Amino acid sequence: MIVILYIAALVAAIGFLVLCISLAMTLNSLKKTMNNVASTMAGIEGQMEGITRESTSLLEKTNGLAEDIQEKSQQLNSVVTAAKGFADSVSNLSDSVKHVTSSINTNVVKNSDQIAKVIQWSNAFMGIRDKLKDQKDSQVETIYEDVPRKRKRK
């Protein structure tokens, strides 16, 4: 019976040895995995630093653009205000032109008889002037016809 005890102790020792070897292999594999995880984390940390720097730079540029847009918006407000003033001036000018036009129309209607008389008198004057001019031209032609012309020698 003692032999069985020794055999059982030997089997238990061999089992324990196999357990220790497999545990050592597992821990060695776990060590390699942990080293890979550590190197990956170091790479991610470096990339995160780069992303942080780029994000900071991008944020600074964005702030600069926001300030520039704010300044241009204020300048645009002054342009819009000036354009509104110009539109108001054009509207006032249009109103003035309408008023002057209506005033002229009113005066033309009131003075249409006088305007017709002026047109008649001017037509009569133009007719007299044309007749006098025609008469004067005919007298000048007559004077030239009376003067003898010299003939050229051959």
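**Helices, extent and surface of a predicted chain**

Reader: What does the secondary structure of the chain come to?

Author: In this predicted model, the chain has two helices and zero strands; these are DSSP runs numbered from the N terminus, with helices being H or I of at least four residues and strands E of at least two. Residues are numbered from 1 along each chain as its sequence is written, and side-chain values use heavy atoms, without hydrogens and water. Local features need pLDDT of at least 70 and side-chain atom pairs count only at pLDDT 80 or more, while totals for chains, interfaces and linings use all residues.

Reader: What box do the C-alpha atoms fill?

Author: Along the principal axes, the box is roughly 180 × 70 × 30 Å.

Reader: Turning to burial, what share of the residues is buried?

Author: Buried residues make up 1% of the 154 residues, where buried means under 20% relative accessible area, exposed over 50%, and partly exposed in between (1.4 Å probe, protein chains only).

Reader: Why does Val-37 count as partly exposed?

Author: Val-37 counts as partly exposed because its relative accessibility is 42%. Val-37 belongs to helix 1, which covers residues 2–110.

Reader: How does Ser-94 stand on that scale: buried, partly exposed or exposed?

Author: Ser-94 is partly exposed, at a relative accessible area of 32%.
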